[in-house]
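Hi there,

Here is the structure I promised to pass on. Please have a look at it first, and then read my notes below.

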Amino acid sequence: TGSFAAWREGRGVGGEMSNAICGAEIVFNLIRSEHGCAHSMKTFEIPACGGFMLTNWTEEQATFFEDGKHCVYFHTKEEMVDKVKFYLKNTGVRRKIAEAGSIEVQKHSYINRSKKILCDLTS
(Lines give C-alpha, C1' and ligand atoms only; values in the text may rest on other atoms or scores of the structure.)
Protein backbone atom coordinates (compact mmCIF):
# COMPACT_ATOMS: atom_id res chain seq x y z
CA THR A 1 0.00 0.00 0.00
CA GLY A 2 2.10 2.70 -1.38
CA SER A 3 -0.65 5.26 -1.45
CA PHE A 4 -1.27 4.85 2.27
CA ALA A 5 2.44 5.17 2.98
CA ALA A 6 2.58 8.37 0.92
CA TRP A 7 -0.19 9.93 3.01
CA ARG A 8 1.24 8.73 6.31
CA GLU A 9 4.70 10.09 5.62
CA GLY A 10 3.37 13.57 4.87
CA ARG A 11 3.72 13.21 1.15
CA GLY A 12 0.64 13.29 -1.05
CA VAL A 13 -0.12 16.89 -0.18
CA GLY A 14 -0.03 19.98 -2.35
CA GLY A 15 0.96 19.10 -5.89
CA GLU A 16 1.24 15.40 -5.00
CA MET A 17 -2.28 15.17 -3.55
CA SER A 18 -3.96 14.25 -6.85
CA ASN A 19 -1.43 11.45 -7.43
CA ALA A 20 -2.09 10.05 -3.96
CA ILE A 21 -5.86 10.20 -4.51
CA CYS A 22 -5.60 8.57 -7.94
CA GLY A 23 -3.33 5.84 -6.57
CA ALA A 24 -5.69 4.90 -3.74
CA GLU A 25 -8.55 2.45 -4.10
CA ILE A 26 -10.57 4.23 -1.41
CA VAL A 27 -10.04 7.75 -0.09
CA PHE A 28 -11.52 8.59 3.30
CA ASN A 29 -13.00 12.02 3.92
CA LEU A 30 -13.70 12.35 7.63
CA ILE A 31 -15.71 15.38 8.71
CA ARG A 32 -14.96 16.20 12.33
CA SER A 33 -17.91 16.23 14.71
CA GLU A 34 -17.17 19.83 15.70
CA HIS A 35 -17.94 20.80 12.10
CA GLY A 36 -21.45 19.40 12.54
CA CYS A 37 -23.33 18.90 9.32
CA ALA A 38 -20.75 20.65 7.12
CA HIS A 39 -18.22 19.54 4.54
CA SER A 40 -14.50 19.98 3.91
CA MET A 41 -12.56 20.94 0.82
CA LYS A 42 -11.76 17.23 0.42
CA THR A 43 -15.50 16.75 -0.22
CA PHE A 44 -14.81 18.35 -3.61
CA GLU A 45 -11.10 17.62 -4.10
CA ILE A 46 -11.40 13.83 -3.89
CA PRO A 47 -13.98 13.45 -6.68
CA ALA A 48 -12.29 16.22 -8.69
CA CYS A 49 -9.14 14.09 -8.72
CA GLY A 50 -11.14 11.01 -9.76
CA GLY A 51 -10.97 9.33 -6.37
CA PHE A 52 -13.52 7.03 -4.80
CA MET A 53 -14.70 8.90 -1.71
CA LEU A 54 -15.90 7.10 1.42
CA THR A 55 -17.06 9.68 3.94
CA ASN A 56 -19.09 9.99 7.08
CA TRP A 57 -22.58 11.25 6.25
CA THR A 58 -23.32 14.91 6.85
CA GLU A 59 -26.42 16.77 5.83
CA GLU A 60 -24.45 19.29 3.79
CA GLN A 61 -22.41 16.71 1.87
CA ALA A 62 -25.62 14.91 0.99
CA THR A 63 -26.83 18.07 -0.77
CA PHE A 64 -23.84 17.87 -3.12
CA PHE A 65 -23.40 14.13 -3.75
CA GLU A 66 -25.81 11.21 -3.84
CA ASP A 67 -24.91 8.17 -1.74
CA GLY A 68 -23.92 5.16 -3.82
CA LYS A 69 -23.93 7.22 -7.01
CA HIS A 70 -21.26 9.93 -6.57
CA CYS A 71 -19.62 8.77 -3.33
CA VAL A 72 -20.40 6.45 -0.44
CA TYR A 73 -21.45 7.54 3.04
CA PHE A 74 -21.28 5.69 6.34
CA HIS A 75 -22.85 6.38 9.74
CA THR A 76 -20.95 4.03 12.07
CA LYS A 77 -17.48 2.48 12.27
CA GLU A 78 -18.99 -0.94 11.63
CA GLU A 79 -20.75 0.31 8.50
CA MET A 80 -17.52 1.92 7.32
CA VAL A 81 -15.62 -1.37 7.69
CA ASP A 82 -18.37 -3.29 5.87
CA LYS A 83 -18.33 -0.78 3.01
CA VAL A 84 -14.53 -0.88 2.73
CA LYS A 85 -14.66 -4.68 2.43
CA PHE A 86 -17.46 -4.52 -0.15
CA TYR A 87 -15.89 -1.85 -2.36
CA LEU A 88 -12.41 -3.39 -2.28
CA LYS A 89 -13.98 -6.56 -3.71
CA ASN A 90 -16.15 -4.70 -6.25
CA THR A 91 -13.73 -2.69 -8.34
CA GLY A 92 -16.16 -2.05 -11.20
CA VAL A 93 -18.81 -0.59 -8.91
CA ARG A 94 -16.19 1.50 -7.13
CA ARG A 95 -14.83 2.90 -10.39
CA LYS A 96 -18.33 3.71 -11.67
CA ILE A 97 -19.07 5.71 -8.50
CA ALA A 98 -15.72 7.53 -8.71
CA GLU A 99 -16.38 8.43 -12.35
CA ALA A 100 -19.89 9.71 -11.57
CA GLY A 101 -18.47 11.76 -8.69
CA SER A 102 -15.87 13.26 -10.99
CA ILE A 103 -18.60 14.37 -13.38
CA GLU A 104 -20.93 15.65 -10.64
CA VAL A 105 -18.25 17.71 -8.90
CA GLN A 106 -17.83 19.85 -12.03
CA LYS A 107 -21.06 21.60 -11.05
CA HIS A 108 -19.24 22.84 -7.95
CA SER A 109 -16.24 24.56 -9.55
CA TYR A 110 -15.26 27.93 -8.13
CA ILE A 111 -16.57 29.59 -11.29
CA ASN A 112 -19.95 27.83 -11.15
CA ARG A 113 -20.36 28.47 -7.44
CA SER A 114 -19.38 32.16 -7.89
CA LYS A 115 -21.97 32.54 -10.66
CA LYS A 116 -24.64 31.08 -8.39
CA ILE A 117 -23.72 33.43 -5.54
CA LEU A 118 -23.86 36.45 -7.86
CA CYS A 119 -27.17 35.28 -9.29
CA ASP A 120 -28.60 34.81 -5.81
CA LEU A 121 -27.39 38.27 -4.75
CA THR A 122 -28.91 40.01 -7.75
CA SER A 123 -32.28 38.29 -7.67
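Two residues are in contact here when they have heavy atoms within 4.5 Å of each other. This is a predicted model, in which local features need pLDDT of at least 70, side-chain atom pairs count only at pLDDT 80 or more, and totals for chains, interfaces and linings use all residues. Residues are numbered from 1 along each chain as its sequence is written, and side-chain values use heavy atoms, with hydrogens and water left out.

Let me start with the overall layout. The chain has seven helices and three strands, where helices (H or I, at least four residues) and strands (E, at least two) are DSSP runs numbered from the N terminus. Along the sequence their order is α-α-β-α-β-α-β-α-α-α. Of the 123 residues, 34% are buried; buried means under 20% relative accessible area, exposed over 50%, and partly exposed in between, with a 1.4 Å probe and protein chains only. The accessible surface comes to about 7,900 Å², and carbon and sulfur atoms account for 57% of that surface. Those areas come from the Shrake-Rupley method with a 1.4 Å probe, and for residues only the protein chains shown count as cover. Among contacts between residues at least 6 apart in sequence, 49% join residues at least 24 apart.

Now to the inside. A nonpolar core is a set of buried Ala, Val, Leu, Ile, Met, Phe, Trp, Tyr and Cys residues joined through side-chain atoms within 4.5 Å. The largest one has 13 residues, and those touching the most other members are Ile21, Val27, Phe44, Ile46, Met53, Phe65 and Cys71. Helices α2 (17–23) and α3 (42–48) each supply at least two residues of this core. There is also a second, separate core of nine residues, with Leu54, Val72, Tyr87 and Ala98 among them.

Leaving aside neighbours within four places in sequence, Phe44 is in contact with His39, Phe64, Phe65, Val105, His108 and Arg113. His108 sits in the loop between α6 (91–104) and α7, and is buried at 17% relative accessible area.

Two other residues are worth a look. Gly50 is in the loop between α3 and β2 (53–56) and is partly exposed, at 38%. Beyond four places in sequence, Gly50 is in contact with Ala98 and Ser102. Ala100, in helix α6, counts as partly exposed at 21% relative accessibility. Ala100 and His70 are 30 residues apart in sequence, yet their C-alpha atoms are 5.2 Å apart in space. Ala100 touches Lys69 and His70, not counting residues up to four places away.

What about the cysteines? With a disulfide taken as a pair of cysteine sulfur atoms within 2.5 Å, the count comes to zero. For Cys22, the nearest cysteine sulfur is that of Cys49, 5.9 Å away. Cys22 is exposed, with a relative accessible area of 54%, whereas Cys71 is buried at 0%.

Finally, the outside. Leu118 lies in helix α7 (residues 110–122) and is exposed, with a relative accessible area of 54%.
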